[in-house]
Amino acid sequence: MSELNLEAASGFVSAAGLQLDEVSGTKVVGHIDLSEEHHTPWGVVHGGVYTTAVESAASIGASTAVADRGEFAVGVHNGTDFLRARTGGRVDVVAVPIQQGRVQQLWSVVITDPESGKEVARGQVRLQNVPLPK
């Protein structure tokens, strides 16, 4: 498990609720316990919660993959599809790389309802590997 502290990243990321269960440069596993705090005015989970989870999981995995080179990864494109509306409950988040190059990476992230096994959302994030700030 990585020593990443998402709560220290920002109030925004913390509010999205992603909890990390496993982190490596080739896989990130986590979950979100969805509640009314994640709702739109119409009583369903806001798509931004899923987009944030996709971006966060991919960025964490990609950054972990290049950390030993003194780099981190920044998202340059995030395409997230919302497949099923939810009002609450736990969802699982799994991110894996599709391609990991010297300059860029492409990660796939799937968000699943663990009870039914059905996908709730899925996305791809292209990331650029850049030097860590000094």
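**Group meeting: strand S5 and its surroundings**

Okay, let's start at a turn: S4 runs into S5 through a hairpin, with three residues making the link. Before I go on, keep in mind that this is a predicted model.

S4 covers residues 89-100, and its pairing with S5 is antiparallel, over eight bridges. If you want a spot to look at on screen, find Trp107 in S5, whose bridge partner is Pro97.

Now go to the other side of the story, S6. This strand spans residues 119-131 and pairs with S5, again in the antiparallel sense, over nine bridges. Here the place to look is Ser108, which stands opposite Gln124 in S6. S5 and S6 also form a hairpin, this time with six residues between them. Gly117 sits in that turn and has a positive phi of about 80°.

How buried is S5, then? Of its nine residues, 104-112, eight are buried, so the strand is largely enclosed by the rest of the structure.

The largest nonpolar core has 26 residues. Those with the most contacts inside it are Ile32, Leu34, Tyr50, Val93, Val109, Ile111 and Leu127. As for who supplies it, S1 (19-23), S2 (28-34), H3 (47-66), S4, S5 and S6 each put in at least two residues. Which element gives the most? That's H3, with eight residues.

Let me pick Leu127 from that list. Setting aside residues up to four places away in sequence, Leu127 touches a whole run of partners, among them Ala58, Ala62, Val74, Val76, Val103 and Trp107. Gln104 and Gln105 are on its contact list as well.

Next, Tyr50. At 3% relative accessibility, Tyr50 is buried. There's one aromatic pair in the count, and Tyr50 is in it: its ring centre is 6.4 Å from that of Phe82, with the planes at 40°, so we call the pair tilted, not stacked or edge-to-face. The pair links distant parts of the chain, since Tyr50 is in helix H3 and Phe82 in strand S3, 32 residues apart. And Phe82, buried or partly exposed? Partly exposed, at 48% relative accessibility.

While we're in S3, which spans residues 71-82, have a look at Thr80. Thr80 has a relative accessible area of 16%, so it falls under the 20% cut-off and counts as buried. Its side chain makes a polar contact of 2.6 Å with the side chain of Asn78. Beyond its neighbours within four places in sequence, Thr80 is in contact with Tyr50, Thr51, Val54, Arg122 and Gly123.

Last stop, Arg86. You'll find Arg86 in the loop between S3 and S4. Who does the Arg86 side chain pair up with? The side chain of Asp113, through a polar contact of 3.3 Å. Leaving out residues up to four places away in sequence, Arg86 touches Leu34, Val44, Val45, Tyr50, Val91, Asp113 and Val120. Leu34 and Tyr50 are both in that set, and both were on the list of core residues with the most contacts.

Definitions and conventions:
Residues are numbered from 1 along each chain as its sequence is written. This is a predicted model: local features need pLDDT of at least 70, side-chain atom pairs count only at pLDDT 80 or more; totals for chains, interfaces and linings use all residues. Side-chain values use heavy atoms; hydrogens and water are left out. Buried means under 20% relative accessible area, exposed over 50%, partly exposed in between (1.4 Å probe, protein chains only). Helices (H or I, at least four residues) and strands (E, at least two) are DSSP runs, numbered from the N terminus. Two strands pair if DSSP finds at least two bridges between them. A polar contact is a pair of N or O atoms within 3.5 Å; within protein, one must be able to donate a hydrogen and the other to accept it, and residues adjacent in sequence count only if both atoms are side-chain atoms. Contact means heavy atoms within 4.5 Å. A nonpolar core is a set of buried Ala, Val, Leu, Ile, Met, Phe, Trp, Tyr and Cys residues joined through side-chain atoms within 4.5 Å. Rings of Phe, Tyr and Trp (its six-membered ring) pair if their centres lie within 6.5 Å; planes under 30 degrees apart count as stacked, over 60 as edge-to-face and the rest as tilted.
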